[in-house]
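Dear colleague,

I am handing over the structure we spoke about, and I would be grateful if you could look through it alongside the notes that follow.

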Amino acid sequence: MQLRRLLVSMMLVCLLHVAVYADTLQQVVIVTRHGVRAPTWAPARLNQYSAEPWPDFGVQPGYLTPHGRLLMKIMGEFYRDLYSQAGLLGKDQCGETFFWADIDQRTIESAKALAEGIVPGCKVEVNSLKTGANDPLFDAIDAGVAKPDLNLGLAAVQGRIGPRLDVFLEAYRPAFQLLDRVLNGNAKAAKSIFAEPAKLEAEKDGLSLSGPLSLSSTLTENLLLEYTNGMSGKEFAWGRLSEAELQQVMVLHTAYAELMRRTPYLAKGRGSNLLKRILLTMEQSATRKQIKGALGSPGTSLVVLSGHDTNISNLSGLLGLSWVIPSHAPDDAPPGGALIFSLWKSNKSFFVRVQFVTQTLDQMHNATPLSVAKPPAIANLFVPGCSSALEGYPCGWTSFKRIASDVIEPSFVEPIAR
C-alpha cells in the first residue's frame, strides 16, 4: 500500500511537473473540445460519398452521444483526481469553479458531464448564452465582433500553399487513396471526394475552402467519431479500416485545420477574443482583484470552457503551439481534448505552463476509466518566445502576458460587458 501511494505521488509530480516543491498551483483554465458527437451532416448528404450507408449514432446530427457523454465524465474524474491531489479543489472538494459552454447541445452537455466528474455532488452551474445568438467567446466572427480583412485572409492562406490548391492531392496522395478505398469498397459512391475542384474564396462569414481536402476533412473526422463512439466490426468504416489506418487518414483532417484554423491571421479572427478573456481570467487570479471581462471571481481556481476543436486550433495557431500525442495525428484536437493553461505561484512571482490532454483512441473506444495512476495522453507544450528549458517548459507570467497580448488583435476583441 505504501509503495502504491509513493508511485501515485510520483505520477502526480510528473503530471503536474512540480519542479520546486514551494510552487503552488493557483488556477487552471481548461479549454476543451466537446465530447464524441454524431456527424453534423444529415444522413442523406453523408451517404452520397460512400457506397454503403453510414452508421446510425442514435442521436440528432451534431448531438453528443451517450458514449461521448460518458467519456467526458471520465475526463472530469481524471481532472478531479489530479487537481484535488494538487489542493486546487479545496477541503470540501467542491472548490471555486466556473463552467462556460458554447450554445450547442454537445458543448453544454459536455460541460455538464465534466462537472459531474470534477465536482460530483456539488452545486455547479454551467453558464452559456441564453439568447441563442452566437457566442463571441467561441466564434467572434459569426458573432459579429471580429471582422477580418478577407483579402488579407486569402493572402495569408495562399502565401502558405501557393497558387495551386490541388497541391494537397499530391502531398497526401496515400491518405486520399486510402480514404477513397474505405468509402467505396468494391462498389462506387454516388459522389467522389475528387469530383469537386478545390476552391478558396471569400464569403460573407469568412474564407471557405471547398474541394477534396475540405470534404475529406469532414469524412475522416466522421470515421474518427465512429471509432471513439465505441463502434467496431462493420459499424466502424464498414470493416475496411484499422486503428493504425485511421491515424493515417486523419492527416487530411489536421491538414485542413492547419490551413484554415491555425494560419495565424485566420486564428486571430476567431481566437483573439477567447485568448484575451483567458488572459484576463489568469490575471484576475494572480492579482486577486476583480477584473472586468475575466471569467469567474478572483478566487476561482478552476475554469472550464467547453467549445470546439476550432477553438483549440485557433489558440494553438496564435501561440505557435504544437504537439504529438500517441494514437492521434500531430496537432489534432480529438473529442474531449483540451488545452490547459495553469497558473503557478513560486515565492512572490507567477509562471504559466501549457499542456494538451486527450484520451487515446483506445481509451475513448473502450471508455477506459482514468486517474493519476492511469492517465490520458498528456503533452507539455513549449510556448515560443516564452518557455524556458526547465521541466514543463514554464513561462514567466510577465512574459506570457506579453506574448499573448502581442498576438491578440485588439479590433477583434469584444467590448467587455460581462
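Glutamate 221 has a relative accessibility of 2%, and because anything under 20% is classed that way, this residue counts as buried. Please bear in mind throughout that this is a predicted model.

As for strand S1 itself (residues 24-33), nine of its 10 residues are buried, so the strand is largely enclosed by the rest of the structure. It runs antiparallel to strand S7 (residues 338-346), to which eight bridges join it, and there isoleucine 30 faces isoleucine 340. With strand S6 (residues 302-307) the arrangement is parallel, through six bridges, and valine 28 has leucine 302 as its bridge partner.

Across the whole structure, 16 salt bridges are found. One of them, between aspartate 142 and arginine 270, has its closest N and O atoms 3.6 Å apart; here aspartate 142, at 36% relative accessibility, is partly exposed, as is arginine 270 at 21%. Another joins arginine 164 to aspartate 166 at 3.0 Å, N to O. Finally, salt bridges with shared partners connect Arg33, Glu221, Arg261 and Asp309 in one network.

With best regards

Notes
Residues are numbered from 1 along each chain as its sequence is written. This is a predicted model: local features need pLDDT of at least 70, side-chain atom pairs count only at pLDDT 80 or more; totals for chains, interfaces and linings use all residues. Side-chain values use heavy atoms; hydrogens and water are left out. Buried means under 20% relative accessible area, exposed over 50%, partly exposed in between (1.4 Å probe, protein chains only). Helices (H or I, at least four residues) and strands (E, at least two) are DSSP runs, numbered from the N terminus. Two strands pair if DSSP finds at least two bridges between them. A salt bridge is a side-chain nitrogen of Lys or Arg within 4 Å of a carboxyl oxygen of Asp or Glu.
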